[in-house]
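Here is a short briefing on one chain. Please keep the sequence and the 3D view open while reading.

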Amino acid sequence: MTYLQSAFLGLVQGIAEFLPISSSGHLSLFQNFLGLQSAEETSMFFDVLLHLGTLIAVFIVYWRDIWEMILEFFRWIGDLAHGGTKGKEVPPARRMILLIIVGTLPLFLVLPIKDLVDSLYSNTYFIGFALLVTGTLLFVSDRMAHGKKTEKNATIVDALVVGCAQGLATVPGLSRSGTTIAAGLLRGYQREYAVRYSFLMSIPAVIGANILSLKDALEVGIDADMIPVYLVGVLVATVSGYFAIRLVNLLSDKGKFGAFAYYCWGVGVLALVLSFVL
């Protein structure tokens with residue numbers, strides 16, 4: 001792998017990971033129609049590093065929220081050690097921790113059917129249809145009324161619904177960010193909060209997946225000579241991911257997901273046509 005290839009894969013990872021266009025769907029289509037190798041196939045360790053790069057982007061954009069949740073976690077432990085929190089008002093950061101935990105739980109339901117989900121990556125008909133669904137979700141989300149819920153008043157049911165949307169979006173073709181943001185807006189989330197909650201909720205999922213992938217990568221082995229090349233991809237993934245998150249925030253706040261909706265529809269139709277022809 002060259003530095004240029006590493007930078008290109010980092011750019012694709014950073015952009016597709018956060019824009020609501022389904023990075024897994026696009027990668028699967030490239031692999032099936034063009035024979036393009038993924039970063040994971042090239043090097044499992046590099047794939048882990050690229051996901052680390054996009055995770056860093058989330059930490060940079062939302063560092064205030066993350067820092068406050070870390071502090072609040074220890075305050076929570078302190079309250080429990082001194083007799084509990086009964087009768088006290090729950091701080092917003094503590095409620096956000098609870099909502100993220102609840103929203104992550106539905107992912108465990110996907111584990112028993114992981115092999116079935118993985119098999120869909122070779123089904124271009126399914127991916128094309130899923131991209132059409134993603135486009136529809138984005139189109140509808142633009143037209144939803146502006147909600148008022150934030151971490152201060154969102155409910156456990158709200159978090160479970162968005163969490164189920166995240167679990168559903170593990171299939172290729174459904175955008176994780178697009179699906180979870182649309183689900184949040186459907187539950188009456190404030191637009192800025194729907195985006196923020198979607199990306200913060202991705203942190204445990206990405207960390208968990210990377211831990212499992214890192215174990216496999218270490219068993220396969222790491223080429224130390226390639227680390228400088230890999231780090232270029234990580235840097236590009238972090239920078240491009242940062243700007244992708246900012247763009248999603250901007251477009252969501254203005255209700256301008258329509259462009260991505262038309263794009264997903266176009267790619268979905270193209271995928272279906274190519275599936276019939278090829």
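In which loop is Ser22 found? Ser22 sits in the loop between α1 (3-18) and α2 (23-34). The model is predicted. The points below cover backbone, salt bridges, a pocket, a surface patch and some C-alpha distances.

**Backbone at Ser22**

- Ser22 has a positive phi of about 70°, although Ser22 is not a glycine.
- Most residues other than glycine have a negative phi.
- Ser22 is buried, because its relative accessible area is 2% and buried means under 20%.

- The structure holds nine salt bridges.
- Side chains of opposite charge can pair when their charged atoms come close.
- Arg94 and Glu72 form one of these bridges, with 2.6 Å from N to O.
- Arg94 lies in helix α6 and Glu72 in helix α5, so the pair ties together parts that are 22 residues apart in sequence.
- Are Arg94 and Glu72 buried or exposed? Both Arg94 and Glu72 are buried.

**Salt bridges: Asp158 and its partners**

- Asp158 meets Lys149 in a salt bridge of 2.9 Å, N to O.
- Asp158 also pairs with Arg187, where the closest N and O atoms are 2.7 Å apart.
- The Arg187 pair links distant parts of the chain, 29 residues apart.
- Arg187 is in the loop between α10 (176-186) and α11, while Asp158 is in helix α9 (residues 156-168).
- Asp158 has 0% relative accessibility, so Asp158 counts as buried.
- Lys149 is partly exposed at 22% relative accessibility.
- Arg187 is partly exposed too, with a relative accessible area of 29%.

**Salt bridges: a network**

- Which residues are linked in a network of salt bridges? They are Asp65, Glu151, Glu192 and Arg196.

**Second largest pocket**

- The volume of the second largest pocket is about 290 Å³.
- Its lining consists of 13 residues.
- Met69, Ile97, Ile100, Ile203 and Pro204 lie nearest the centre of this pocket.
- How many residues of the lining are nonpolar, polar and charged? Twelve are nonpolar, one is polar and none is charged.

**Nonpolar surface patch**

- Trp63, Trp67, Ile70, Phe73, Phe74, Ile77 and Leu80 form a nonpolar patch on the surface.
- Together these residues have about 750 Å² of accessible area.
- Ile70, one of the patch residues, lies in helix α5 (residues 63-81).
- Ile70 counts as partly exposed because its relative accessibility is 38%, between the 20% and 50% cut-offs.

**Helix α13 and its distances to other residues**

- Helix α13 spans residues 258-277 and holds Ala259.
- Cys264 is found in helix α13 as well.
- Is Ala259 buried or exposed? Ala259 is exposed, because its relative accessible area is 57% and exposed means over 50%.
- Cys264 is buried, with a relative accessible area of 0%.
- Ala259 and Leu138 are 121 residues apart along the chain, and their C-alpha atoms are separated by 8.9 Å.
- Cys264 and Phe129 are 135 residues apart in sequence and 10.0 Å apart in space, C-alpha to C-alpha.

**Two further C-alpha distances**

- Thr155 lies in the loop between α8 (124-142) and α9.
- Thr155 is partly exposed, with a relative accessible area of 33%.
- Lys114 is in helix α7 (residues 114-119).
- Lys114 has a relative accessible area of 45%, so Lys114 is partly exposed.
- From Lys114 to Ser202 the C-alpha distance is 18 Å, and the two are 88 residues apart in sequence.

Terms used:
Residues numbered from 1 in each chain as written. Predicted model: local features only at pLDDT ≥ 70, side-chain atom pairs only at ≥ 80, totals over all residues. Heavy atoms only, no water. Patch = residues over 30% accessible without salt bridge, like charges linked within 9 Å, V, L, I, M, F, W, Y side chains within 5 Å. Areas by Shrake-Rupley, 256 points an atom, 1.4 Å probe, with all protein chains shown as cover. Salt bridge = Lys/Arg side-chain N within 4 Å of Asp/Glu carboxyl O. Helix = DSSP H or I, 4+ residues; strand = E, 2+ residues; numbered from the N terminus. Buried < 20%, exposed > 50% of the residue type's maximum accessible area, 1.4 Å probe, protein only. 1 Å grid on protein atoms, 1.4 Å probe; cavity = no way out; pocket = protein on both sides within 12 Å on 5 of 7 lines; lining within 4 Å. Points joined across faces, edges and corners; volume = space filled by probe spheres on them. Nonpolar A, V, L, I, M, F, W, Y, C, P; charged D, E, K, R; others polar.
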